[in-house]
Amino acid sequence: MAATQLFITYFAMISAIMLSAFGELSVDFYDEVCPQALPTIKVMVEEAIALEPRMGASLVRLHFHDCFVNGCDGSILLDDTPDFIGEKTAAPNNNSVRGFDVIDQIKAAVNLACLGNVVSCADILAVAARDSVVALGGGSYDVLLGRRDTTTASRDAANTNIPSPLLDLPDLIANFESHGLGLVDLVALSGAHSLGFSRCLLFRNRIYNETSTIDGDFAASLQAVCPPSGDDDKLAPLDESPVSFDTAYYQDLVESRGLLHSDQQLFKGDGSLAGELVQKYSGNRDAFWADFGTAMIRMGNLSPLTGSDGEIRENCRVAN
Ligand code: HEM
Ligand SMILES: *[C@@H]1O[C@H](CO)[C@@H](O)[C@H](O)[C@H]1NC(C)=O
Ligand SMILES: *[C@@H]1O[C@H](CO)[C@@H](O)[C@H](O)[C@H]1NC(C)=O
């Protein structure tokens, strides 16, 4: 009897903690209403990556840029309207974020598989990010579901809330803190740069002006791609293996081969806590994957719309 009561009390406590930590999101949100939703997203992501391996990186980044602007509410997917200028042309996104067509295709496939409009665009972004990581060789994690979509977006909010690659460590930490994320989240989530590419425009300053913190051979090889002016859109990989979700990003940082200024800020060889995490992840794939999954779930929980707030968009580009 006492044991049962203890168990019930314990269960109630855990439930309360889970509720406060994760809002109303849950892993089984679509199990009843559309069991085909998650398998459909997975297949569509795999097909998109088979066509173009970089697409996995682009889908991961879409979820990040969605969540950091008023929460994970699908705001980044909205086209401009007469009432608002959306996020797509904000400085961190313009000519930079990609994957909108793939999200449209996934949404259409999911609506078909579910015989109706029941899966939000915000949830599609969260699941597509996880499926991309897995498709490119990374570890899996359970995505919490039940987000709903916003009906509005703001370019100004995107300009203010998404961190710049020119930030120093204290400002990166402050930016993540403003989103309720800590140092471990910052270092683990930056490991998403194990995938994808950056434009010359955004690493030029580093390869010409940061001679004391960048490996000489690495800088020289990048200077061959990215001239002191012009060719802004030329691409370089964010780590040595841009279509494989591995620890190469952290190994590169330890060797002063980070591509972005913000990347190398995480490891400066000064014994900082961030640097110690970089060192740890560089030699421990499982620790990286575990902390990355935990941090993605935390990021995915930023101010979701739930219950009867927001809507489930029929078309991810426009409010219903
Ligand atoms: C810590 C602060 C961060 C900064 C300053 C930053 C900055 C950048 C920049 C400048 C680019 C290249 C954009 C371009 O070439 O136009 C980029 C690419 C990318 N970022 Fe980040 N990022 C950060 C954190 C994150 C996080 C938390 C994630 C995901 C969890 C992420 C995922 C990616 C991916 C996957 C790409 C490659 C996209 C592609 O190739 O299409 N980044 N980031
Ligand atoms: C976005 O990029 C396009 C194409 O390069 C450019 O014409 C436009 O001015 C940019 N928008 C903003 C707001 O910077
Ligand atoms: C290097 O830094 C100087 C001073 O901040 C700046 O004027 C110059 O444009 C930078 N060079 C490159 C190639 O970014």
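A polar contact is a pair of N or O atoms within 3.5 Å. That cut-off is used below on a predicted model.

**Exercise 1. Find polar contacts of ligand 1 and state their distances.**

Step 1. Start with Ser96. A polar atom of its side chain lies 2.5 Å from an oxygen atom of ligand 1. This pair is within 3.5 Å, so it counts as a polar contact.

Step 2. Go to His193. An N or O atom in its side chain is 2.9 Å from a nitrogen atom of ligand 1.

Step 3. Check the backbone too. A polar backbone atom of Phe197 is 3.0 Å from an oxygen atom of ligand 1.

**Exercise 2. Describe the shell around ligand 1 by size, class and origin.**

Step 1. Count the shell. Ligand 1 is surrounded by 27 residues. The closest are Arg54, Ser58, Ser96, His193 and Arg199.

Step 2. Sort by class. The shell has 15 nonpolar residues, eight polar and four charged.

Step 3. Assign the domains. Domain 1 (25-163) and domain 2 (169-298) each give at least three residues to this shell.

Step 4. Elements giving two or more residues to the shell are α3 (55-67), α8 (183-190) and β1 (197-199). The largest share, five residues, comes from α3.

**Exercise 3. Which residues surround ligand 2, and what are the distances for Asn94 and Asn95?**

Step 1. List the neighbours. They are Thr89, Asn94, Asn95 and Arg155.

Step 2. Take Asn94. One of its polar side-chain atoms lies 2.4 Å from an oxygen atom of ligand 2.

Step 3. Take Asn95. Here a polar side-chain atom lies 3.0 Å from an oxygen atom of ligand 2.

**Exercise 4. Classify the aromatic pair of Tyr250 and Phe288, and say what the pair ties together.**

Step 1. Get the total. The model has 11 aromatic pairs.

Step 2. Read the geometry. Tyr250 and Phe288 are 5.0 Å apart, centre to centre, with 75 degrees between the planes. An angle over 60 degrees counts as edge-to-face, so this pair is edge-to-face.

Step 3. Locate both rings. Tyr250 lies in helix α11 (residues 248-254) and Phe288 in helix α14 (residues 285-300), so the pair ties together parts that are 38 residues apart in sequence.

Notes:
Residues numbered from 1 in each chain as written. Chains lettered and ligands numbered in written order. Predicted model: local features only at pLDDT ≥ 70, side-chain atom pairs only at ≥ 80, totals over all residues. Heavy atoms only, no water. Near = heavy atom within 4 Å. Polar contact = N/O pair within 3.5 Å; in protein donor to acceptor, adjacent residues only side chain to side chain. Helix = DSSP H or I, 4+ residues; strand = E, 2+ residues; numbered from the N terminus. Nonpolar A, V, L, I, M, F, W, Y, C, P; charged D, E, K, R; others polar. Domains from an automatic or database assignment. Phe/Tyr/Trp six-rings, centres within 6.5 Å; stacked < 30°, edge-to-face > 60°.
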